[in-house]
Amino acid sequence: MNVLVINAGSSSLKYQLINVETRNLLAKGVCERIGDEESFHKHGLDSNESVISTPMKDHDEAIAMVLKTLVEGEDAPIDDLSQIDAVGHRIVQGGKYFSKSTLIDDDVIAKIDEMAELAPLHNKAALQGIQACRHHMGDIPMVAVFDTSFFQTLPPKAYMYPLPYELYEKYAVRKYGAHGTSHRYIAERAAALMDEDLSDVKLITCHLGNGCSVSAIDHGIAVDTSMGMTPLDGLMMGTRCGAIDPAIVTFVMEHEGLSPQEMNDLMNKKSGLLGISGISNDLRSIRDASSAGHERAMLAYDMYSNSVKKYIGQYMAVMGGVDAIVLTAGVGENCKKMRRMIFSGLQPLGIVLSEKRNAEGRGEREISHDRSSVRIFVIPTNEEYMIARDTYQIVHDKLGSELQEDDDVTWW
């Protein structure tokens, strides 16, 4: 089955065409600056990538451009749109409604729209992507894969906030988490690399990029995660402050004369690495500046690593130990200095990083020392594959007899 994976942002649309049975990536690309005069379309695999400046006033035109690219030209991966069997959409916020991925219908669309209050930029954009696919691809089966669904297993003691209970009853104020598809992928891959069943291990998974989150996965079940009702909570991030004293919010608003929206922008877009360093939200720039002796950059680096370290300790306590810690995303996969700082001083907890392994290699690998009782893995995430896999499973279960697919698919 060929699945088109769509990840629609407010002004972008990323896509991949994946054959799920073979795990072959047939095509990928991104439409950027949608609605802007300088919009462009980047398409292709590795060295065959091309960039074309082209007007795209909305997501409908972007989808039309993507579909045309998939069937036309010398490098077109398919001959006809009928060779796309299903579409999988990444949805950030599923709220209380969705504990797993689901086939998209009008009721699902209405619920995604309702949950847009908690992720206005992401959910509204995803809806535009869904409607565009409906317009150009007719009644092709489509599946919604939610960032939040993996964390619907959290117990009330983890997802509730110590606020008046009525706020939960009225407005569903609770922890929902984010990056769930990424955490689910690297947890499954870690168990496979350990040659263990996921239900037999305790894992702490760390998605560390511009957006950051850490999760506790106890025998295959997510029991806690750092992001909260929105992705602002938890770790220090590229531009987000993460967890702070809530009284700071009203204090700063009163003293700076900020509106709620201005305060929200300050915490989401002007804080984190950018706010502390004054240089950039990109850790690579912070690393270079800190190496040159820039004091605020050095402080930002220390704060970032300390933030991750604290959550590792918390989740070891929550689960009563851990078998492996997994790192992914731009920082987790690529920054050996940050990994070294995160695990520095954790030897008394049985967590020992191998300096040699940490400094070498790329891709999936173990970087813990042989004497470490807790294994440490670096695993590049693949959220698109998980979306394609979920789409395959749901569509195949509901329409399998029509698609005549083989049930015997090995995922790893």
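**Close-up views of a predicted model**

**View 1. A172 lies in the loop between α5 (165-171) and α6 (180-193).** Helices here are DSSP runs of H or I with at least four residues, strands are runs of E with at least two, and both are numbered from the N terminus. This is a predicted model, in which local features need pLDDT of at least 70, side-chain atom pairs count only at pLDDT 80 or more, and totals for chains, interfaces and linings use all residues. Residues are numbered from 1 along each chain as its sequence is written, and side-chain values use heavy atoms, with hydrogens and water left out. A172 is not a glycine, yet its phi is positive, at about 55°. Most residues other than glycine have a negative phi. Is A172 buried or exposed? A172 is buried, with a relative accessible area of 14%. Buried means under 20% relative accessible area, exposed means over 50%, and partly exposed is in between (1.4 Å probe, protein chains only).

**View 2. D195 sits in the loop between α6 and β9 (202-208).** Phi of D195 is also positive, near 60°, and D195 is a residue other than glycine. D195 counts as exposed, because its relative accessibility is 70%.

**View 3. E114 belongs to helix α2 (residues 106-114).** The relative accessibility of E114 is 42%, so E114 counts as partly exposed. Look also at Q93, which is 21 residues from E114 along the chain. The C-alpha atoms of E114 and Q93 are separated by 9.8 Å.

**View 4. S372 is in the loop between β13 (365-366) and β14 (375-378).** S372 is buried, at 10% relative accessible area. Which residues does S372 touch, leaving aside its neighbours within four places in sequence? S372 is in contact with G350, I351 and V352. Contact means heavy atoms within 4.5 Å. V352 is 20 residues from S372 along the chain, and their C-alpha atoms are 4.8 Å apart.

**View 5. C133 and C206 are both buried cysteines.** A disulfide is a covalent bond between the sulfur atoms of two cysteines. The rule used here asks for a pair of cysteine sulfur atoms within 2.5 Å. By this rule the count is 0 disulfides. C133 is in no disulfide, and the nearest cysteine sulfur, that of C31, is 11 Å away. For C206, the closest cysteine sulfur is in C212, at 9.8 Å, which is too far for a bond. C133 has 0% relative accessibility. C206 also has 0%.

**View 6. The protein chain as a whole has 15 helices and 14 strands.** Its radius of gyration is 22 Å, close to the 22 Å that the globule rule gives for 412 residues, so the chain is as compact as a globular protein of that length. That radius is taken over C-alpha atoms, and the globule rule is 2.2 Å times the number of residues to the power 0.38. The C-alpha atoms fill a box of roughly 55 × 55 × 50 Å, taken along the principal axes. Of the 412 residues, 50% are buried. Among contacts with a separation of 6 or more, 59% join residues 24 or more positions apart.
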